[in-house]
Amino acid sequence: MKKQRSMIIASFVLIFLASGFSEVYGHSMFNSAEEFVGGYRVQVATAPEFPQIDEPSQFMVRVTEGYEFEEVDRFTMGIRVFYNDQQIDAIPPTSIEGSHWDFDYIWRNSGNHIVKIDLYDMSEEGVLTYTFNMGTQSPFGVIFIAAITVGALTMTGVFIYIYIPKFFKKSKL
């Protein structure tokens, strides 16, 4: 029994140590998307993942070419933001050196926004338009996440209170 308990404790220690040294970033941001049109892939994301209303957030765009997703040297892009099927904001076409464009943006409305990104001068077809669904978070979203976290921690505490004493009583026998 002591051997089994030692193995369980050693397993927990190894799991916590392994997670502390991991440098793998396999999961993209939650509020991110990508679309492939006309031989070019456009990726968008926001930081923080769920922008707060009337607070600055960073809007990140990346453009790659072909199925090997090679980064482009430069691109010209314009952005239109829609809310409830009405255009509420626009960023005029801007020439960007490199394949990344990061800029600050302030979301004014709570809920889902449709973001249309126009990529200019990259295709014989003319302007390539990419459509993305980007969401914002109201202040009440933080309260909801906190309530879920407190509930999960409370449940964990109850399980520990119930099962840990039973585990130690069995190991003493």
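**Contacts, burial and surface**

Reply: Let us begin with Y40. Leaving aside neighbours within four places in sequence, Y40 is in contact with E35, V63, T64, E65, V72, L119, M122, L128 and Y130. Please keep in mind that this is a predicted model.

Me: Which element holds Y40?

Reply: Y40 belongs to strand β2, which covers residues 40-47.

Me: And why does Y40 count as buried?

Reply: Its relative accessibility is 10%, and the cut-off for buried is under 20% relative accessible area. Y40 therefore counts as buried.

Me: What does the side chain of Y40 reach at 3.1 Å?

Reply: That distance separates the side chain of Y40 from the backbone oxygen of M122. M122 is also among the residues in contact with Y40.

Me: Let us switch to T76. Where is that residue, and is it buried or exposed?

Reply: T76 sits in strand β5, residues 74-83. T76 is buried, because its relative accessible area is 17%, with the limit for buried set at under 20%.

Me: Which side chain makes a polar contact with the side chain of T76?

Reply: The partner is the side chain of S95, at 3.3 Å.

Me: What else does T76 touch?

Reply: Not counting residues up to four places away in sequence, T76 touches P93, T94, S95, D118, L119, Y120 and D121.

Me: Now the surface. Which residues make the nonpolar patch?

Reply: The patch is made by M155, V158, F159, Y161, I162 and Y163, and its area is about 660 Å². V158, one of these residues, is found in helix α2, which spans residues 139-172. At 43% relative accessibility, V158 counts as partly exposed.

Me: What are the overall figures for burial, surface and contacts?

Reply: Of the 173 residues, 28% count as buried. The accessible surface comes to about 12,100 Å², and 61% of that belongs to carbon and sulfur atoms. Among contacts between residues at least 6 apart in sequence, 54% join residues at least 24 apart.

Conventions. Residues numbered from 1 in each chain as written. Predicted model: local features only at pLDDT ≥ 70, side-chain atom pairs only at ≥ 80, totals over all residues. Heavy atoms only, no water. Buried < 20%, exposed > 50% of the residue type's maximum accessible area, 1.4 Å probe, protein only. Contact = heavy atoms within 4.5 Å. Areas by Shrake-Rupley, 256 points an atom, 1.4 Å probe, with all protein chains shown as cover. Helix = DSSP H or I, 4+ residues; strand = E, 2+ residues; numbered from the N terminus. Polar contact = N/O pair within 3.5 Å; in protein donor to acceptor, adjacent residues only side chain to side chain. Patch = residues over 30% accessible without salt bridge, like charges linked within 9 Å, V, L, I, M, F, W, Y side chains within 5 Å. Salt bridge = Lys/Arg side-chain N within 4 Å of Asp/Glu carboxyl O.
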